[in-house]
Amino acid sequence: MLYKIFHQNIFEVIDVRSAMLMTASVLVVGYVWTCLRASRRQKMLELENTPHRVLLITAHPDDECMFFGPVIQKLSKMKDVHLFLMCLSIGDFEGKGSLRKAELYDSCKILGIEEGNILLCKNTLLPDNPRVDWDTILLSDKIAEHVEQLEIDTVLTFDSYGVSGHRNHISIYLALFHLVYNKLLPGYCHLYSLDSVNTLRKYVKCIDGLFNNTSDFKCTISTTEQNCVTKAMQAHNSQYIWFRKLYMKFSRYTRVNTFTTISAE
């Protein structure tokens, strides 16, 4: 009797351990596979050693630091890449437009964007306001004009959620989608949107690598480069208050950017 009980308990322990081992193995294999996929995409981007003219489109001064710091850090250091920034408002929601304009130029200097490559728009029809949708046709015409004038072959901007849900951010994506859907841009111009993620991934940047990456390309920066992005954000002194300080410390967008192709399909 004792032998049967002992034998049964042994097999139950073995079954539990086998199940745990199998689960752990699946998790490890899945994680390694995800990392290999992500690294392969990143290497493919790095191997494209050809000249590019890139236009980054943002809605407000400080967007370049809060959301696009990693990709700016990478692109600004590539000798064959000409990086342009198009900021579609002066950030006058609190009546500080003139100050925020100066802060933007200071920030871009730290990030490595040349002053002559900054396009800052001031249009009363494009107000800095989280409750206002910008006109799609007005935006798309303005963007298409600069894409053609500057011979841009790559455009980067927000996705359909705009990272934070800000309606100005979303308006830019809708304008670009309009351009893609109606084939109003040169065939050589490719458009990419910055991926919005769930709250956990957004604010716990150290775990972002655990999630499956299905994006078209990824930029990850070092601690030194992250410090540069933080310093650039500090140049926006009028905006650098306590909750943005916390954001810059914990947000994944200060360490990694992932982008997905904007297509009409």
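Because the model is predicted, local features are described only at pLDDT of at least 70 and side-chain atom pairs only at pLDDT 80 or more, whereas totals for chains, interfaces and linings use all residues. Residues are numbered from 1 along each chain as its sequence is written, and side-chain values use heavy atoms, with hydrogens and water left out.

The secondary structure of the chain comprises nine helices and seven strands. Helices (H or I, at least four residues) and strands (E, at least two) are DSSP runs, numbered from the N terminus. Of the 265 residues, 46% count as buried; here buried means under 20% relative accessible area, exposed means over 50%, and partly exposed lies in between, with a 1.4 Å probe and protein chains only. Contact denotes heavy atoms within 4.5 Å. Among contacts between residues at least 6 apart in sequence, 82% join residues at least 24 apart.

The seven strands form an open sheet with mixed pairing, in the order β3-β2-β1-β4-β5-β7-β6. Two strands are taken to pair if DSSP finds at least two bridges between them. Strands β3 (118-120) and β6 (217-220) stand at the edges, each with a single partner strand, so one side of each has no neighbour in the sheet. From one strand to the next, the twist averages 25°. In general, strands of a sheet pair through backbone hydrogen bonds, either parallel or antiparallel.

Val54, in turn, has Thr154 of β4 as its bridge partner.

Leu156 illustrates the contacts involved: leaving aside its neighbours within four places in sequence, Leu156 is in contact with Val54, Leu55, Leu56, Ile57, Val71, Leu75, Tyr192, Phe217 and Phe259.

Helices lie against the sheet. Helix α6 (residues 167-181) lies across β1, β4 and β5 (190-194), running at about 140° to β4. Helix α4 lies across β2 and β3, running at about 165° to β3. Axes are lines fitted to C-alpha atoms, for helices over the stretch in contact, and angles run from 0 to 180 degrees between N-to-C directions.

Helix α4 (residues 97-111) also packs with another helix. Its axis and that of helix α8 (residues 223-234) come within 8 Å and cross at roughly 165°. The two helices are therefore roughly antiparallel to each other, a term for angles over 145 degrees, as against under 35 for roughly parallel, 65 to 115 for roughly perpendicular, and the rest for oblique. The contact is made by Ser107, Ile110 and Leu111 of α4 and by Cys228, Val229, Lys231 and Ala232 of α8.

Several loop residues complete the picture. Most residues other than glycine have a negative phi. Glu151, in the loop between α5 (136-149) and β4, has a positive phi near 55°, and counts as exposed because its relative accessibility is 52%. Lys183 likewise has a positive phi, of about 55°, although it is not a glycine. Lys183 is found in the loop between α6 and β5 and counts as exposed at 73% relative accessibility.

Leu125 is found in the loop between β3 and α5 and is exposed, with a relative accessible area of 57%. Leaving aside neighbours within four places in sequence, Leu125 is in contact with Trp134 and Leu138. Leu125 and Asp135 are ten residues apart in sequence and 7.9 Å apart in space, C-alpha to C-alpha.
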